[in-house]
Amino acid sequence: MEGSSFAARSIQLSFVAIVGGAWYLASETGSVSRLFLPPPREVHAALSRLVETQAFWSAVLVTLTTIAKAFAMAVVAGIVVGYLVTRSKLLIKVIEPILSGMFTIPITLFLPMFILFFGIGTGSKVAYGATYAFFPIVLNTIAAFSKAEERYLRAARSMGANAWQQFRHVLLPGAMPVLITGLRIGFFICFASVLGGETIS
């Protein structure tokens, strides 16, 4: 196990080194215009000057706050909707394909509509990021709770467990691995969509 982990890390570091070397050679030899790919040392110098300014950290704070708000909204909406859908097998059959189909649509196409309804400020980015992150979270929530073992639920009910106890001790522990996967995917999608929304708008 340790050998395979070391090999994986070596490959990752080698990839970073190759990309960095290609960047250096392309910028130094002039094969790519410096307007599109400036040399690493110039990027480092510009970044060093930038991080010393108050405007940079103010912008970072705004972005992180936007991501936090968008992700929190996506988590609450995704888990609640996903759990409610799994309470009925008919709803799972009807709604899950619709959500999966909607998730395949590039929501970036609708960013102008978010800006139109929520303005060019942080509101549109929060709504955009929350909407994009909602789909992987709700779909993973549906998958997590719909795969619960019915025999475990019957056993819990036979021992007198109420609805909350069944959720707390049976449904949630069994769904947790898939839920965490959905949250992880949703977070990275939320992060990328907020940054993309800020750049495009």
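User: Is the crossing in which helix 3 passes helix 8 left-handed or right-handed?

Analyst: Happy to start there! This is a predicted model, where local features need pLDDT of at least 70, side-chain atom pairs count only at pLDDT 80 or more, and totals for chains, interfaces and linings use all residues. Residues are numbered from 1 along each chain as its sequence is written, and side-chain values use heavy atoms, without hydrogens or water. A crossing is left-handed if the near helix is turned anticlockwise from the far one by less than a right angle, and right-handed if clockwise; for helix 3 passing helix 8 it is right-handed.

User: At what angle do helix 3 and helix 8 pack?

Analyst: Helices are DSSP runs (H or I, at least four residues), numbered from the N terminus, and helix 3 covers residues 54–85. Axes are lines fitted to C-alpha atoms over the stretch in contact, with angles from 0 to 180 degrees between N-to-C directions. The axes of helix 3 and helix 8 lie 9 Å apart, and the packing angle is about 140°.

User: How many nonpolar residues are in the contact of helix 3 with helix 8?

Analyst: Contact means heavy atoms within 4.5 Å. Helix 3 brings residues including Ile-67, Phe-71 and Tyr-83, while helix 8 brings, among them, Leu-183, Phe-187 and Glu-198. Ala, Val, Leu, Ile, Met, Phe, Trp, Tyr, Cys and Pro count as nonpolar, Asp, Glu, Lys and Arg as charged, and the others, Gly among them, as polar. By class, this contact of helix 3 with helix 8 has one charged, three polar and 14 nonpolar residues.

User: How are helix 6 and helix 8 oriented to each other?

Analyst: Their axes come within 7 Å and cross at roughly 155°. Angles under 35 degrees count as roughly parallel, over 145 as roughly antiparallel, 65 to 115 as roughly perpendicular and the rest as oblique. That makes helix 6, relative to helix 8, roughly antiparallel.

User: How many charged residues does the contact of helix 6 with helix 8 have?

Analyst: Helix 6 and helix 8 meet in a right-handed crossing. Their contact includes 19 nonpolar residues and eight polar ones. The charged residues number two.

User: And how do helix 5 and helix 6 lie to each other?

Analyst: Helix 5 (residues 111–118) and helix 6 (residues 122–146) have axes that come within 8 Å and cross at roughly 135°. Helix 5 and helix 6 are therefore oblique.

User: Which residues of helix 5 make the contact with helix 6?

Analyst: Helix 5 passes helix 6 in a right-handed crossing. On the helix 6 side are Gly-123, Ser-124, Ala-127, Tyr-128 and Thr-131. Helix 5 answers with Leu-111, Phe-114, Ile-115 and Phe-118.

Technical notes:
Helix = DSSP H or I, 4+ residues; strand = E, 2+ residues; numbered from the N terminus.
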